[in-house]
Amino acid sequence: MSSTELPGSRASAPVPRTRAVRVAAGEELRSVTLPGLTLTVRARPPAAAGLPRALYVHGLGGSSQNWSALMERLEGRVDGEAVDLPGFGDSPPPDDGNYSVTGHARAVIRMMDASGRGPAHLIGNSLGGAICTRIAAVRPDLVRTLTLVSPALPELRAQRSAWPTAALALPGVARLFSRMTKHWTPEMRVRGVMALCYGDPGRVTDQGFRHAVEEMERRLELPYFWDAMARSSRGLVDAYTLGGQHGLWRQAERVLAPTLLVYGCRDQLVSYRMARKAAAAFRDSRLLTLPDAGHVAMMEYPETVAAAVRAFLDDNSGRS
């Protein structure tokens, strides 16, 4: 089976629509429809013609909105677009129900191939970092450079703060958690997520918090929300157990593209101690460490991350 081929898909019932997803000023949404797969893409019209393409891939439980701040700050340097992975953001579930890291990577590859636009600067966070690593390893022709923010690569001893997220992979846990927390308000859920993902939740503005609550309310209305979370968590855990050429660390060693690694020292989901191992695994890499950042540095410190990405792209301008 080729890297872009999907196994036979099954017909699925129409996905009911909920309230509209938020679109920030200067952004636009479009849908990419492929056999068995529909993806929503968030983009900013490029500031100039001929800019190199950049593609942003979010993490578990996230969406293309996670990249809005960084996209805005890089719009003069790249022609950027962020994808909602299948079952997340405004993208419906895939017809084949495949939420593995390989399944998500295949969805992104199919979208890139269908665009006919050639290679891109690939930028991923957390689960999106694992997905981008796999893409860069199996389809180097699609990747100019690779930027990974707290990539979810296998850890032998995960931090205790990451255990509840990994537990979603266990059969029935997501359903149980949904029942146990049914009385939680969207505000309570958002505060919990921010406490886990941010080095300093106090950096979130009141407006940012309101937008996050609105998005949480929208997602909780989706009938497949918990299923997508559970299956994607299971897919990530399964990817951690793979050995040989399919192992994520082995694939990191195969990446040819120049790689920028961004780690936050206050990350509660991906340990900062993995930064040195990642820098050694990716053959052509540089490392940016942010002492006060958590798991989503591009949301906490978008100016700092954007400056590092611009310098990184400038140093590799021959690939642009």
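**Reading the fold and its salt bridges**

Tutor: Strand β5, helix α3 (residues 127-138) and strand β6 form a right-handed β-α-β unit. A crossover is right-handed if, with the strands pointing away from the viewer, the path from the first strand over the helix to the second runs clockwise. Helices (H or I, at least four residues) and strands (E, at least two) are DSSP runs, numbered from the N terminus. The model is a predicted one, in which local features need pLDDT of at least 70 and side-chain atom pairs count only at pLDDT 80 or more, while totals for chains, interfaces and linings use all residues. Residues are numbered from 1 along each chain as its sequence is written, and side-chain values use heavy atoms, with hydrogens and water left out.

Student: How many bridges join β5 to β6, and in which sense do the two strands run?

Tutor: Two strands pair if DSSP finds at least two bridges between them. Here six bridges join β5 (residues 120-125) to β6, and the strands run parallel. A120 has V143 in β6 as its bridge partner. β6 also pairs with β7 in the parallel sense, over four bridges, and T147 stands opposite L260 in β7.

Student: How many residues of β6 are buried?

Tutor: Buried means under 20% relative accessible area, exposed over 50%, and partly exposed in between (1.4 Å probe, protein chains only). In β6 (residues 143-149), seven of the seven residues are buried. In a regular strand the side chains alternate between the two faces of the sheet.

Student: At what angle do the axes of α2 and α3 cross?

Tutor: Axes are lines fitted to C-alpha atoms, for helices over the stretch in contact, and angles run from 0 to 180 degrees between N-to-C directions. The axes of α2 and α3 cross at roughly 65 degrees and come within 9 Å. The two helices are therefore roughly perpendicular to each other, given that angles under 35 degrees count as roughly parallel, over 145 as roughly antiparallel, 65 to 115 as roughly perpendicular and the rest as oblique. α2 passes α3 in a right-handed crossing; a crossing is left-handed if the near helix is turned anticlockwise from the far one by less than a right angle, and right-handed if clockwise.

Student: How many salt bridges does the structure hold?

Tutor: A salt bridge is a side-chain nitrogen of Lys or Arg within 4 Å of a carboxyl oxygen of Asp or Glu. The structure holds 17 salt bridges. One of them joins the side chains of R44 and E75, at 3.1 Å from N to O. R44 lies in the loop between β2 (37-43) and β3 (53-57) and E75 in the loop between α1 (68-74) and β4 (79-83), so the pair ties together parts 31 residues apart in sequence. R44 is buried at 10% relative accessible area, whereas E75 is partly exposed at 27%.

Student: Which parts of the chain does the pair of D90 and R218 link?

Tutor: The closest N and O atoms of this salt bridge between D90 and R218 are 3.8 Å apart. D90 is in the loop between β4 and α2 (101-115) and R218 in helix α7 (residues 206-220), distant parts of the chain 128 residues apart. D90 is buried, with a relative accessible area of 15%, and R218 is buried at 2%.

Student: Which residues are linked in a network of salt bridges?

Tutor: The network comprises R30, R53, D79, E81 and R117.
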